[in-house]
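Here are my notes for going through this one together. Keep the viewer open and check each point as you read.

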Amino acid sequence: MANMVWKSFKGIPLPVTLIWIAGFSAALHFLDKSVIAFLGILCSIVLIYYTNASSKVRMLIGALVLLVIIPLVAGDNRYYMEVASQVGIYVAMALGLNIVVGFAGLLDLGYVAFFAAGAYAYAIFSTSQANQFIPGDLFPLSGEWFWPFLIVGLIVAAIFGILLGLPVLRVKGDYLAIVTLGFGEIIRIIFNNLDKPINITNGPQGITPIPQPELLGMKMGTPFHFYFIVLVVIAFIVLANLRFENSRIGRAWIAVREDELAAQSMGISLLNTKLAAFATGASFAGVVGVIFAAKQTFIDPTSFTLMESIGILVMVILGGSGSIPGVVLGAAFVTVLQVQLLKELSNFLHSLQQAGVINLPNQLDPSKFQRLIFGIMLILVALYRPNGLIPAKRRKNDLDAIRASKFAENRLGILSRLSKGKLSQGSQS
């Protein structure tokens with residue numbers, strides 16, 4: 001019954017979406033730290049996706065919400081912009097992991113290692129930490145080096161991705177997950193202990209103060225600035241995902257995901273394809289790692305634990321593995337749940353407890369049940385939405401149109417040899 005109702009769904013009328021955006025924009029402007037108002041404006045992105053309008057109109061409305069409405073109505077509120085920039089960071093991370101897990105079907109539990117590689121690349125060389133092993137007292141670098149280090153972080157993380165890809169080519173399935181999990185833990189432990197005999201990462205004490213971005217002499221260290229930086233990075237990653245999805249390498253990733261043996265028999269190089277997936281997904285995490293280090297101004301190994309990798313994987317699976325809008329939705333939902341919803345619920349219950357309305361033990365604090373809630377969500381998704389909240393769309397080819405095209409007359413490969421053989425046999429007879 002539910003499937004029939006969903007199939008008959010023709011989209012949300014455009015006036016309803018516009019009224020929704022106007023209403024929650026006003027609420028976001030007048031209400032301070034309102035969870036409902038912030039969730040409403042985030043949900044408007046989902047409504048725009050399902051709005052019954054052309055793609056150009058939906059893209060225009062979405063850009064208007066992200067680039068104009070949110071900065072105008074919430075730009076002066078540091079709390080809202082902090083949450084929005086945090087959501088953007090995890091959206092970018094999940095989109096990078098979607099290439100490895102969603103497109104290529106490679107279960108990666110060590111994805112946070114690439115995130116750490118980009119963060120440490122910027123943190124080490126933008127502070128005086130690099131003077132510990134590079135003579136000349138050339139460091140720290142100014143915040144204007146943040147922009148070149150986005151490329152440096154991309155390259156460093158891509159190299160880490162290739163280093164991870166080389167030993168895992170012989171394994172798949174559960175064994176692949178175990179190897180990537182070990183890789184992530186090895187990188188974290190190395191960063192934690194790389195303070196002797198040469199102090200490179202400052203070990204468990206971390207690195208600080210990491211300079212914030214500067215552009216033409218202007219410091220860009222507020223959540224408002226980071227919001228736009230993250231938006232630009234997300235736009236780049238989304239565009240790259242779309243290009244990869246419809247490219248030759250993207251189709252090779254999908255073929256490997258569906259059946260490695262069949263893909264290899266069709267001439268796809270498993271070595272090059274898997275390495276490209278790991279390197280591409282890792283490079284995006286490296287860029288986000290540079291942004292994270294500049295935003296926090298302090299990093300240490302505790303920021304890059306296994307639970308971070310699992311959390312990002314939850315975002316991809318919850319939203320829809322291989323689905324770009326699904327991954328964006330899943331990452332936004334999980335991040336808001338962690339950053340805002342559970343904390344707001346905890347504060348509300350604590351206020352009731354202080355007023356004497358309820359007596360809540362510390363063991364029942366909602367902020368301590370993040371992993372339990374994640375587990376319940378995954379179980380519900382596996383039961384009722386096994387392909388995610390917004391499943392990936394599979395392209396359907398019109399076989400009749402392909403047969404009728406002019407390219408169908410030219411036979412390639414073994415078909416051309418068979419046709420030539422038939423023609424030669426016919427001429428001999």
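How many salt bridges does the count come to? Keep that in mind for point 2.

1. Ground rules. This is a predicted model, where local features need pLDDT of at least 70 and side-chain atom pairs count only at pLDDT 80 or more, while totals for chains, interfaces and linings use all residues. Residues are numbered from 1 along each chain as its sequence is written, and side-chain values use heavy atoms, with hydrogens and water left out.

2. Salt bridges. Side chains of opposite charge can pair when their charged atoms come close. The rule here asks for a side-chain nitrogen of Lys or Arg within 4 Å of a carboxyl oxygen of Asp or Glu. The count comes to four salt bridges. One of them joins Glu185 and Arg188, with the closest N and O atoms 2.9 Å apart. These two are three residues apart in helix H8, so about one helical turn separates them. (Helices are DSSP runs of H or I with at least four residues, strands are runs of E with at least two, and both are numbered from the N terminus.)

3. Glu185 is partly exposed at 21%, and Arg188 is partly exposed at 25%. Now look at Lys274 and Glu260, another salt bridge, with the closest N and O atoms 3.1 Å apart. Lys274 sits in helix H12 and Glu260 in helix H11 (residues 260-265), so this pair ties together parts that are 14 residues apart in sequence. Both Lys274 and Glu260 are buried.

4. Aromatic rings. Two rings of Phe, Tyr or Trp (its six-membered ring) pair if their centres lie within 6.5 Å; planes under 30 degrees apart are stacked, over 60 edge-to-face, and the rest tilted. Searching the whole structure gives 20 aromatic pairs. Take Phe115 and Phe292: their ring centres are 5.1 Å apart and their planes are at 55 degrees, so the pair is tilted. Phe115 belongs to helix H6 (residues 112-126) and Phe292 to helix H12 (residues 270-296), so the pair ties together parts that are 177 residues apart in sequence. Both Phe115 and Phe292 are buried.

5. Helix H5. At 1.5 Å a residue, the 26 residues of H5 (residues 78-103) should span 38 Å, and the end C-alpha atoms are 36 Å apart, which agrees. (The expected span is 1.5 Å times one less than the number of residues.) Still, find the kink of about 40 degrees centred on Leu97. The bend at a residue is the angle between axes fitted to the seven residues ending there and the seven starting there. As for cover, 23 of the 26 residues of H5 are buried.

6. Most residues other than glycine have a negative phi, and most peptide bonds are trans. With 18% relative accessibility, Asn202 counts as buried.

Key. Buried < 20%, exposed > 50% of the residue type's maximum accessible area, 1.4 Å probe, protein only.
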